[in-house]
Amino acid sequence: MTTHVTIIGAGLGGLTLARVLHVHGIPATVYEAETSPTARAQGGMLDIHDYNGQLALRAAGLLDGFGELVLEGREATRLVDRDGTLLFDKVDDGTGGRPEVQRGELRQLLLDSLPSGTVRWGHKVGGVRALGGGRHEVTFADGTSVVTDLLVGADGAWSRVRPLLSPAKPAYTGMSCVEVYLHDADTRHPASAKVVGGGALFVLAPGKGFVTHRERGGNLHTYVMLARPQDWFADIDFSDPAAATAGIAREFDGWAPELTALITDADTAPVLRPFTALPVEHRWERVPGVTLIGDAAHVAAPNGEGANLAMLDGAELAQALAAHPDDIETALTEHERAMFPRSTETATEGTELFALMFGTDTPHGLIRMFTGEEQGQ
């Protein structure tokens with residue numbers, strides 16, 4: 001295949017696509033709005049699953065490098081009641097299929113695997129238009145542009161490429177999280193570090209809760225989950241970290257102090273992350289010369305699958321292009337036919353998981369799910 005692939009977005013999906021294309025000798029360029037790989041923090045922990053994300057890394061020839069990034073013990077899972085009572089505790093015995101890595105480290109692994117110059121930093125998309133015959137022009141904010149015979153939108157929830165294929169836009173799911181960190185927690189925040197344990201901690205109540213991950217270096221990364229309208233968050237002044245922290249913490253009055261300290265003692269300012277999603281069965285009719293992967297195609301409320309799906313989308317698209325080097329449309333059709341039902345199934349499961357986590361029966365329904373999985377092993 002001699003067609004040069006133009007990829008918008010240097011997230012995990014876009015980089016996996018570029019890497020697997022490179023493995024097959026197919027040229028690609030990735031255009032990324034961020035000015036450098038270190039322009040912003042790249043998020044927290046990711047569990048990379050043996051049935052999707054790891055398959056993508058195998059196709060990319062990066063499984064060994066991935067293995068070197070895995071943080072041992074982080075598949076451990078705890079559920080604690082709001083008074084600090086331990087409800088469920090599963091140790092990481094090394095046999096699980098979802099090893100945890102830092103997102104930024106995984107992204108760097110992919111970046112390092114690409115030829116120099118593959119990623120063009122500081123290229124924010126200003127507009128995209130069809131030229132006919134499957135060709136498209138991408139214009140960047142700096143006034144430059146590129147014309148391509150094959151365009152892939154890997155540019156996330158608010159994709160600038162998606163309108164070529166679909167009018168759908170992400171909608172607020174009704175839940176947001178507020179993100180905070182405790183640094184060097186074993187030394188500086190020992191009570192909170194003890195309750196979190198070695199992996200992930202869930203503290204759940206109807207419509208709210210904490211999800212905390214132990215990251216590298218003893219850092220605790222907490223997502224404070226709240227099912228509230230966006231107007232409710234608009235009344236909180238996040239430009240004033242102390243006031244915002246106090247406002248969020250009030251929602252957890254009466255909870256055990258080692259739990260509320262995950263918010264009140266945070267070493268970072270609280271960051272609001274609204275959750276948005278496309279329709280569960282989002283899909284489009286085939287449009288020549290363009291397709292989507294990852295959140296651009298199927299953003300959903302966080303359920304542990306988003307990064308994995310993006311990587312698998314990218315790997316499978318690259319493999320389809322390699323399998324049909326003289327027929328781009330057949331390759332894109334093959335990619336979309338596999339992606340659509342997979343993303344629909346995952347989004348549906350994610351909705352069900354959120355109901356277990358934050359519905360009226362929480363945390364008991366989630367405990368039953370965990371226990372049932374253990375019994376089935």
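Modeller: A charge sits over a ring if NZ of Lys or CZ of Arg is within 6 Å of the ring centre and within 35 degrees of the ring normal. This is a predicted model, where local features need pLDDT of at least 70, side-chain atom pairs count only at pLDDT 80 or more, and totals for chains, interfaces and linings use all residues. Residues are numbered from 1 along each chain as its sequence is written, and side-chain values use heavy atoms, without hydrogens and water.

Colleague: Which residue lies over the face of W232?

Modeller: Look at the ring centre of W232: at 5.6 Å from it there is a charged residue. It lies over the ring's face, and it is R228.

Colleague: Is W232 buried, exposed or partly exposed?

Modeller: Buried means under 20% relative accessible area, exposed over 50%, and partly exposed in between (1.4 Å probe, protein chains only). W232 has 25% relative accessibility, so W232 is partly exposed.

Colleague: What kind of aromatic pair do W232 and F233 form?

Modeller: Rings of Phe, Tyr and Trp (its six-membered ring) pair if their centres lie within 6.5 Å; planes under 30 degrees apart count as stacked, over 60 as edge-to-face and the rest as tilted. The structure holds ten such aromatic pairs. For W232 and F233, the centres are 5.0 Å apart and the planes 85 degrees apart, making the pair edge-to-face.

Colleague: Is F233 buried or exposed?

Modeller: The relative accessible area of F233 is 3%. Therefore F233 is buried.

Colleague: Which residue lies over the face of F252?

Modeller: The distance from the ring centre of F252 is 5.5 Å. The residue over that face is K208.
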